[in-house]
Amino acid sequence: MADTSKPATRKAAIVGGNRIPFARSNTAYAQASNQDMLTATLDGLVARFGLQGAQVGEVVAGAVLKHARDFNLTRESVLGSTLAATTPAYDIQQACGTGLEAAVLVANKIALGQIESGIAGGVDTTSDAPLAVGDDLRRVLISLNNAKTMGDRLKALAKIRPGQLVPDMPRNAEPRTGLAMGDHAAITAKEWEIGREEQDELAVRSHHNMAAAYERGFFDDLVTPFLGLTRDNNLRPDSSLEKLAKLKPVFGKGEGATMTAANSTPLTDGASAVLLASDEWAAEKGLPVLAHLVDAQTAAVDYVHGGEGLLMAPVYAMPVMLARNGLTLQDFDFYEIHEAFASTVLSTMKAWEDPAFCKEKLGLDAPLGSIDRSKLNVYGSSLAAGHPFAATGGRIVASLAKMLHEAGPGKRGLISICAAGGQGVVAILES
Ligand SMILES: CC(=O)CC(=O)SCCNC(=O)CCNC(=O)[C@H](O)C(C)(C)COP(=O)(O)OP(=O)(O)OC[C@H]1O[C@@H](n2cnc3c(N)ncnc32)[C@H](O)[C@@H]1OP(=O)(O)O
């Protein structure tokens with residue numbers, strides 16, 4: 001039998017995190033760019049840990065929606081920040097998995113001894129979304145730019161047709177199916193018979209949990225005010241089942257549609273960053289170690305031909321990671337399952353509980369089983385905070401690391417993040 005156990009390496013420490021409050025699209029950050037938000041977030045992190053002018057091993061971050069001018073958004077943000085200009089930095093992109101995948105990449109480099117410290121992050125804006133022109137107009141504009149004579153320029157200009165002037169707006173949809181993420185999630189919700197009320201309950205709990213965490217000051221050293229916001233402006237402490245029940249479905253329309261604006265994440269602007277390091281580096285600098293990033297796993301599903309739900313890849317990643325670490329799904333003190341949609345969290349958990357699915361699709365003799373719901377998203381998640389795609393992973397890693405630290409040594413937390421393109425990332429943190 002193949003040895004699936006994990007080879008021993010040092011574990012990367014999570015020193016702490018920072019994010020700006022998240023803002024619903026076209027509100028507080030309507031005039032801010034990805035670079036503005038990521039730079040401010042890095043500066044907040046640098047200030048929190050006294051790293052002004054310092055160089056960390058690497059900064060790895062990304063955005064799902066990016067202007068062409070931001071070809072290395074992370075490096076530009078570092079150059080605009082108070083970090084040393086000699087700090088290497090680069091972009092990665094794995095849709096909503098970006099922030100967590102960036103943390104895994106930095107942690108792995110620390111584990112291998114290639115760097116001693118690093119920052120992982122993510123940022124996104126749908127307010128300042130990159131608009132593109134269509135293929136025909138773009139080719140005309142390129143030939144116009146290359147034209148050497150007035151005659152060539154006029155010839156190029158004559159090729160422009162009024163219909164070509166309509167911009168290509170980025171769509172929150174899968175290119176291979178044309179369906180919105182929400183419509184994909186609605187298909188999965190129907191398949192797993194996820195009801196409206198359980199989705200609304202999960203959404204209300206997310207708002208209440210996050211509001212309570214803000215009240216007790218949990219986010220005081222995780223969130224830095226930005227452009228007049230001190231808290232995520234999607235957060236509605238007054239959310240109730242009665243109010244949510246009144247909302248009309250927005251995805252998977254028609255009879256039996258259950259997904260609304262409240263049990264789906266809103267389009268959101270924001271950024272997050274996490275400082276990781278070797279234990280030695282943290283000790284040398286007198287910095288805390290909140291938790292360690294122990295392991296992670298990425299999976300992909302064939303949602304195009306394979307009949308699996310677009311956002312179900314974490315379901316597949318989980319047993320691989322658990323087996324490698326000799327753990328069961330029940331061996332955790334906290335669970336952070338990204339609330340892209342309430343129905344996605346519920347479908348994910350239902351799949352892990354289902355004996356037939358776990359046998360046929362995951363090849364397991366027994367189902368992974370249930371999660372203790374009182375340990376799930378205990379300080380709220382994306383339905384309350386909002387979901388600036390690439391920034392969500394950093395929000396979760398930093399919050400979970402702090403939760404584990406507060407709970408004391410020897411505690412374990414599990415992260416599960418679904419991503420567009422049929423992918424998903426899961427990770428284990430330990431205090
Ligand atoms: C990307 C990846 O890789 C993986 C993933 O994470 S997939 C997830 C990606 N994200 C998405 O797909 C975003 C999906 N969200 C959207 O497209 C839009 O937010 C949406 C279509 C769901 C809603 O858009 P909208 O209609 O403009 O929402 P909005 O106007 O704010 O809200 C509608 C109503 O619900 C109400 N509402 C929302 N939340 C509420 C709450 N908690 N309590 C009470 N009312 C609430 C609003 O007040 C509003 O009421 P009125 O019409 O009376 O003003």
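Helix α10 passes α11 in a right-handed crossing; a crossing is right-handed if the near helix is turned clockwise from the far one by less than a right angle, left-handed if anticlockwise. This is a predicted model, in which local features need pLDDT of at least 70 and side-chain atom pairs count only at pLDDT 80 or more, while totals for chains, interfaces and linings use all residues. Residues are numbered from 1 along each chain as its sequence is written, and side-chain values use heavy atoms, without hydrogens or water.

Helix α10 spans residues 313–324 and α11 spans residues 342–353. Helices are DSSP runs (H or I, at least four residues), strands likewise (E, at least two), numbered from the N terminus. The two axes come within 9 Å and cross at roughly 45°. The axes are lines fitted to C-alpha atoms over the stretch in contact, with angles from 0 to 180 degrees between N-to-C directions. That angle makes α10 oblique to α11 (under 35 degrees is roughly parallel, over 145 roughly antiparallel, 65 to 115 roughly perpendicular, the rest oblique).

Which residues of α10 and α11 meet? P314, V315 and M318 in α10 meet T348, A351 and W352 in α11, contact being heavy atoms within 4.5 Å. Five of the contact residues are nonpolar, one is polar and none is charged (Ala, Val, Leu, Ile, Met, Phe, Trp, Tyr, Cys and Pro are nonpolar; Asp, Glu, Lys and Arg charged; the others, Gly among them, polar).

Now the wider setting. UniProt, in an unreviewed entry, places "domain: Thiolase C-terminal" at residues 288–430; its annotations use the numbering here, with shortened feature names, and may be inferred rather than shown by experiment. Residues 288–430 are 35% helix and 21% strand, with end C-alpha atoms 14 Å apart.
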